[in-house]
Amino acid sequence: MSKNVYWTLLQHDDWNLHLAATDTGLCYVGSQGASYEELAEWAEARLPGYELVRHDAEMEKYAHEFSKYFQGSLDVFSLPLDLVGTPFQQKVWQAMSEVRYGSTAAYSDLAETIGRPHAARAVGAAVGANPLLIILPCHRIVGKTGSMTGYRGGIPMKTALLELEQQRN
């Protein structure tokens, strides 16, 4: 029996993001304006043996929360997640998820939070491996001086997300 990864294309105002979920929960949020191929490549690498199936109705609960976020009426997601990563990545992602809406933290702050103060570069790699953009708010992680640093969705997407959150605060 084949396992499915359901996906949809969320379109809200200027935002266009691919969302994907297993039967367990949301497993992938794509970059702004990225192609379906980015999702397909991610799924092939991370979930071999799964079949990608477009299912807009199945994905509606996920799309609805993202729409509320983009409207500025949601700052904490309550979606079920299917998040697969190493124990180190899981620690970093948990610490990252505690960075509050509308604020930022440095990679070195996350390293301190997880008890690995000299592991800022490894923390950066774990942040970069985050499959759930926005949900796990890697856009809130900045350089030690507050500088905008790498982001899978690109610096313009990171900046737009931070501006969206700061408008509401």
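1. In this predicted model, strand 2 and strand 3 run antiparallel and are joined by 3 bridges. The two strands form a hairpin with 4 residues between them. Within this pairing, alanine 20 stands opposite tyrosine 28 of strand 3.

2. Strand 2 also pairs with strand 1 (residues 3–12); 7 bridges join these antiparallel strands. Here alanine 20 of strand 2 stands opposite tryptophan 7. The hairpin of strand 1 and strand 2 has 2 residues between the strands, and aspartate 13 takes a positive phi near 50° in that hairpin. Strand 2 is mostly covered, with 6 of its 7 residues buried.

3. Threonine 22 belongs to the loop between strand 2 (15–21) and strand 3 (26–29). Buried means under 20% relative accessible area, so threonine 22, at 6% relative accessibility, counts as buried. A polar atom of its side chain lies 3.1 Å from the backbone nitrogen of threonine 24. Leaving aside neighbours within four places in sequence, the contacts of threonine 22 are Asn4, Val5, Cys27, Leu47, Tyr50 and Asp82.

4. An α-helix has 3.6 residues a turn, so residues three or four places apart point the same way.

Key
Residues are numbered from 1 along each chain as its sequence is written. This is a predicted model: local features need pLDDT of at least 70, side-chain atom pairs count only at pLDDT 80 or more; totals for chains, interfaces and linings use all residues. Side-chain values use heavy atoms; hydrogens and water are left out. Buried means under 20% relative accessible area, exposed over 50%, partly exposed in between (1.4 Å probe, protein chains only). A polar contact is a pair of N or O atoms within 3.5 Å; within protein, one must be able to donate a hydrogen and the other to accept it, and residues adjacent in sequence count only if both atoms are side-chain atoms. Contact means heavy atoms within 4.5 Å. Two strands pair if DSSP finds at least two bridges between them.
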